[in-house]
Amino acid sequence: MSDGTKADDIALALEEAIVSGEIPPGSVLRQEHLSEQFAVSRTPVREALRRLAALGLVSFEPNRGVQVRELAREELREAFLVRAELEGLATEIATPKMSAEDLDELEAAERRFSEVTHRLVEMSHAGRQDLQLARDWLHANHAFHDVIYAAADVPLVERMAKAARRTFLVKPVWATGADLDELYRKNDRQHRAIREAIAAQSPEGARVLAREHVLSSGRLLEAILDKVSAQTREPAGIA
């Protein structure tokens, strides 16, 4: 395996860990530790870190090494605007290419997302938080869209869109509650609408629905961050 391929694999693994919250903002990534973790020399590690820096996930800090960034609210909004256009384009391109097997896979991914969404809403009614369930929800969401990307077969668009979607979970916290339930359910309904538009062979309709879905996801994220921010400002002892 070449250093370039190793760098690709390391960058992908680190990106996933950062996006999922496994590696939280502010963490310092040390090359020697990563070399040991991935059993490689420092050359592919350095290249992987440069790629993450180009994506805006990490920054090189003098005398501190490489640090995981926390993106500002405006950066998040911009990322969702970019992703909305690219995701809409990929969905439009994928629609006439979708085989019966692809549609079956998309429906299975939709069902999985719906199940996790239902569990997430139930958890909020019980007054609990479960970060792993939130991660499962995030991964189920990505899995649905990955079926579409695979059918579209537009690697550049896919890479750019996935670079933008990395920002969805930018800190290892999540929020639930009655005020967010409808936003979670709306995401679920939008997946169903996208699949139905694709099955109906409506490229333009699917594009519009996919674009609105991503923008809606951005609004959900902002609501989550607002709720987390409000909770951190509450005096101790207030639920």
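Q: What is the order of the strands in the open sheet?

A: A strand is a DSSP run of E with at least two residues, a helix is a run of H or I with at least four, and both are numbered from the N terminus. Two strands pair if DSSP finds at least two bridges between them. Here the open sheet has three strands in the order β1-β3-β2, with antiparallel pairing. The model is predicted: local features need pLDDT of at least 70, side-chain atom pairs count only at pLDDT 80 or more, and totals for chains, interfaces and linings use all residues. Residues are numbered from 1 along each chain as its sequence is written, and side-chain values use heavy atoms, leaving out hydrogens and water.

Q: Why is one side of β1 and of β2 left without a neighbour in the sheet?

A: Both strands stand at the edges and have a single partner strand each, so one side of each has no neighbour in the sheet.

Q: How many bridges join β2 and β3?

A: Strand β2 (residues 58-61) pairs with β3 over four bridges, in the antiparallel sense. One of the residues in this pairing is S59, whose bridge partner in β3 is Q67. Strand β1 (residues 28-29) pairs with β3 (residues 65-68) over two bridges, also antiparallel. There, V28 stands opposite Q67.

Q: Which residue takes a positive phi in the hairpin of β2 and β3?

A: That residue is N63, with phi near 65°; the hairpin has three residues between its strands.

Q: How many aromatic pairs are there?

A: Rings of Phe, Tyr and Trp (for Trp, the six-membered ring) pair if their centres lie within 6.5 Å; planes under 30 degrees apart count as stacked, over 60 as edge-to-face, and the rest as tilted. By this rule there are two aromatic pairs. In one of them, the ring centres of F113 and W137 are 5.2 Å apart and the planes meet at 40°, so the pair is tilted. F113 is in helix α5 (residues 100-125) and W137 in helix α6 (residues 131-152), 24 residues apart.

Q: What kind of pair do W137 and Y184 form?

A: Their pair is edge-to-face, with 5.5 Å centre to centre and 85° between the planes. Y184 lies in helix α8 (residues 178-199) and W137 in α6, so the pair ties together parts that are 47 residues apart in sequence. Ring pairs link F113, W137 and Y184 into a cluster.

Q: Is F113 buried or exposed?

A: Buried means under 20% relative accessible area, exposed means over 50%, and partly exposed is in between (1.4 Å probe, protein chains only). F113 has 0%, so this residue is buried. W137 and Y184 are buried too.
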